[in-house]
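Hi everyone, thanks for coming.

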Amino acid sequence: IYGSEAEPFLVKQISSLLPLSPQMTNSSPYLDARLFQFDDRFISAYSGPRPIAEHAIKFLTRGAQSCTRFKIDPVPDSDEEEESLSDSYVTYVFHPVFPFAISCICNHMSQTPKVMKFYFR
């Protein structure tokens with residue numbers, strides 16, 4: 001099958017069976033689904049680029065009274081920069097212990113961040 005058209009598909013299938021590297025996951029308490037509820041389309045414990053949310057991502061407490069504990073809004077405040085984000089993605093980095101997070105908005109053409117925001121409680 002080497003060199004055939006099915007090779008990329010087979011490589012993708014086989015690599016999906018391999019375990020994840022420990023560096024790809026994040027053990028932050030904010031990403032613990034037992035403690036907080038959040039939109040996992042835009043944020044997850046597995047690191048990697050995600051689409052930029054059109055609204056702030058809310059972290060709600062789990063339980064009977066789910067209230068908003070905090071929000072993360074990676075979109076810049078100015079309208080000029082917001083328009084140029086159509087082909088961009090965001091990566092979130094959470095500290096494993098302290099209440100600290102970073103959002104980095106990057107373009108698919110360049111790896112240097114366009115916008116970086118720091119969040120702490």
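I'll start with the overall layout and then move to a few residues.

A word on the ground rules: this is a predicted model, where local features need pLDDT of at least 70, side-chain atom pairs count only at pLDDT 80 or more, and totals for chains, interfaces and linings use all residues. Residues are numbered from 1 along each chain as its sequence is written, and side-chain values use heavy atoms, with hydrogens and water left out.

So, what is the order of the elements from the N terminus on? The chain has 2 helices and 6 strands, and they run α-β-β-β-α-β-β-β. Helices (H or I, at least four residues) and strands (E, at least two) are DSSP runs, numbered from the N terminus.

Of the 121 residues, 28% are buried; buried means under 20% relative accessible area, exposed over 50%, and partly exposed in between, with a 1.4 Å probe and protein chains only. The chain exposes about 8700 Å², and carbon and sulfur atoms supply 58% of that area. Accessible areas come from the Shrake-Rupley method with a 1.4 Å probe, and for residues only the protein chains shown count as cover. As for contacts (heavy atoms within 4.5 Å), among those with a separation of 6 or more, 38% join residues 24 or more positions apart.

The largest nonpolar core has 20 residues, a core being a set of buried Ala, Val, Leu, Ile, Met, Phe, Trp, Tyr and Cys residues joined through side-chain atoms within 4.5 Å. The residues with the most contacts inside this core are I43, I57, F59, I72, Y92 and F94. Two or more residues each come from strand 2 (57-61), strand 3, strand 4 (88-94), strand 5 and strand 6, and strand 4 gives the most, with 3 residues.

Let's zoom in on F59. Setting aside residues up to four places away in sequence, F59 touches a list that includes Y30, F36, I43, I72 and F94. T61 lies in strand 2 and counts as buried because its relative accessible area is 17%. Beyond four places in sequence, T61 is in contact with L35, F36, S66, C67 and R69.

Next, a loop residue: is P74 buried or exposed? P74 sits in the loop between strand 3 (68-72) and helix 2 (79-83), and it is buried, because its relative accessibility is 1%. Leaving out residues up to four places away, P74 touches V90, Y92, S103, I105, V115, K117 and Y119. The C-alpha atoms of P74 and I102 are separated by 9.0 Å, though they are 28 residues apart along the chain.

V115, K117 and Y119 also form the covered face of strand 6 (residues 115-120), while M116, F118 and F120 form the uncovered one. Strand 6 pairs with strand 5 (residues 100-107) in the antiparallel sense over 6 bridges; two strands pair if DSSP finds at least two bridges between them. One of the partners is M116, which bridges to C104.

That brings me to the cysteines. With a disulfide taken as a pair of cysteine sulfur atoms within 2.5 Å, the count is 0. C104 is in no disulfide, and its nearest cysteine sulfur, that of C106, is 6.0 Å away. C106 is likewise in no disulfide. C104 counts as buried because its relative accessibility is 12%, and C106 is buried too, with a relative accessible area of 7%.

That's my tour, and I'm happy to take questions!
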